[in-house]
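Try each task yourself before you read its solution.

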Amino acid sequence: SIPASEDTRLSAVEAMVVSRIEGAISQKSNEILGVGSGQDFTTLPQDLETLAGEPQTILTSFRARKARAQAALGLELNAAQTDFARSYRDYRAFRIQHDLTETEPSYDNVFWRKVFWLALLFIVEVAANGWMIGQASPGGLVQGWTTALMISVLVVLTGSLIGAGPWRYLNYRGADGRGNLHRIWAVPALVVGSALLLLFAFYIAHYRYALSHSSLDAPVPDNILTSVLTQPFQPFQQLESLLLFVIALLIGIFAVARGANWDDPYPGYGLRHRRMEEARERTQDIAQRLSTDIDEAKADADQALNQINVTSTSAVGALRQAIARTQDNAAIWDFTAAEILTEGRDAIEIYRDANREAREGRAPAYFDRDAFDDAEPPSSAEIIESLTTAFGRATANITACKSQLAGARAQLEAEYHSFYDDELTPFLKNIENNATIAVRGEFAD
């Protein structure tokens, strides 16, 4: 294509040649001076100066997150602490009023373990009764197991109720020693319950004895209670009936013990202790959540400070490396860049000479101008001067940046440990001690 005489810009062919020469120079720059040698380091001092203010920003962000966490959980933590203080006072007052200052609560916290022992008693009773009654029952094992199931339920349930109720209140001292009021109903209830257990034991023994002395097609005996009242020890002539009587009594006694120890043997003691422990654990859980939030904020702040250190160090390192490589390859760079430019100028000049010969009119005025006036690469001396100037300014800024970084890190560590040492740890220690040492210490005198 032949450009018009009045054109002032490079033609498409000339622009393409200039672009390719610039690309070749950039490629050689990366090969000789290193990848990234063309990076603009002139803004590095300003970037480092900006980074110098980042540590304080990170520290402010940590303080804000810490304050938000304390505000978010503060009300909940205060309420839990108030509940603990209230339950602790109630527990402490109960110990004083009931003269329990020398004993600690004793009970099983695992619900399924308590249920297991009752279920085991029930299974043993059902198995023993069902097997022995079923062998002599006209209805076979089905009728035997059905009867055994009903009797076993009555034995285990009655024994458990005796243990959980009247048995525990026999030693109940009451507030200020007024436990006699509870013994008024506890003693008769214990007598009635024990009589029922004894009646169930005699009933199962008489039932087995009556079945063994009836024909297979005879109906189920219905005079068991009359037999218990008139001839209570008659079934003991038979080993199976005697075994059923002994097993029923033993299971009943074990059920009484299991019911008495379902909670602390002293009524109301275990309940108040659990209430205090639950309030203490709830307070500790909330405090642990607060601790986790603070730890996460601290970890994020540490990561951000480390990133600033890495960024500033890597930037200055890249600048130092660029200076060293430019100094090592200065002569090669100057020669190679000049050679590439010469080749580019020669190509442009060939194009323009051919264009002048082919045209009839005047050539464009820009033909007299060097096409690479704006594309000539800097010399090695210019690059080194620019990099050295930037490095000198960056050195002062990175010193300030590291100083700010160290100060912010020290302040962060101080505030983080102050939160634990002055706030959270004393709080948790106070909660922990109130449930153990404080109670004993108050009554040591």
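The protein's mean pLDDT, the predictor's confidence in each residue from 0 to 100, is 79, and 86% of its residues reach 70 or more. Over residues 435–445 the pLDDT is below 50. This is a predicted model, where local features need pLDDT of at least 70, side-chain atom pairs count only at pLDDT 80 or more, and totals for chains, interfaces and linings use all residues. Residues are numbered from 1 along each chain as its sequence is written, and side-chain values use heavy atoms, with hydrogens and water left out.

**Exercise 1. Find how many helices and strands the protein has.**

Step 1: Look for helices (H or I, at least four residues) and strands (E, at least two), which are DSSP runs numbered from the N terminus.
Step 2: Count them: there are eleven helices and zero strands.

**Exercise 2. Decide whether glutamine 237 and valine 246 are buried, partly exposed or exposed.**

Step 1: Recall the cut-offs: buried means under 20% relative accessible area, exposed over 50%, and partly exposed in between (1.4 Å probe, protein chains only).
Step 2: Locate glutamine 237 in the loop between α6 (224–230) and α7. Its relative accessible area is 67%, so glutamine 237 is exposed.
Step 3: Move on to valine 246, in helix α7 (residues 239–260). Valine 246 counts as partly exposed because its relative accessibility is 35%.

**Exercise 3. Work out how far apart glutamine 237 and tyrosine 209 are, in sequence and in space.**

Step 1: Along the sequence, glutamine 237 and tyrosine 209 are 28 residues apart.
Step 2: From C-alpha to C-alpha, the distance in space is 9.0 Å.

**Exercise 4. Describe the largest nonpolar core and the contacts of leucine 290.**

Step 1: Start from the meaning: a nonpolar core is a set of buried Ala, Val, Leu, Ile, Met, Phe, Trp, Tyr and Cys residues joined through side-chain atoms within 4.5 Å.
Step 2: The largest core has 26 residues, and those with the most contacts inside it include Phe62, Leu290 and Phe419. The elements giving two or more residues to this core are α2 (44–97), α8 (269–328) and α10 (380–434).
Step 3: Now list the contacts (heavy atoms within 4.5 Å). Leaving aside neighbours within four places in sequence, leucine 290 touches Ala69, Gln70, Leu73 and Phe419.

**Exercise 5. Find what share of the 445 residues is buried.**

Step 1: Apply the cut-off for buried from Exercise 2 to the protein.
Step 2: Buried residues come to 40% of the 445.
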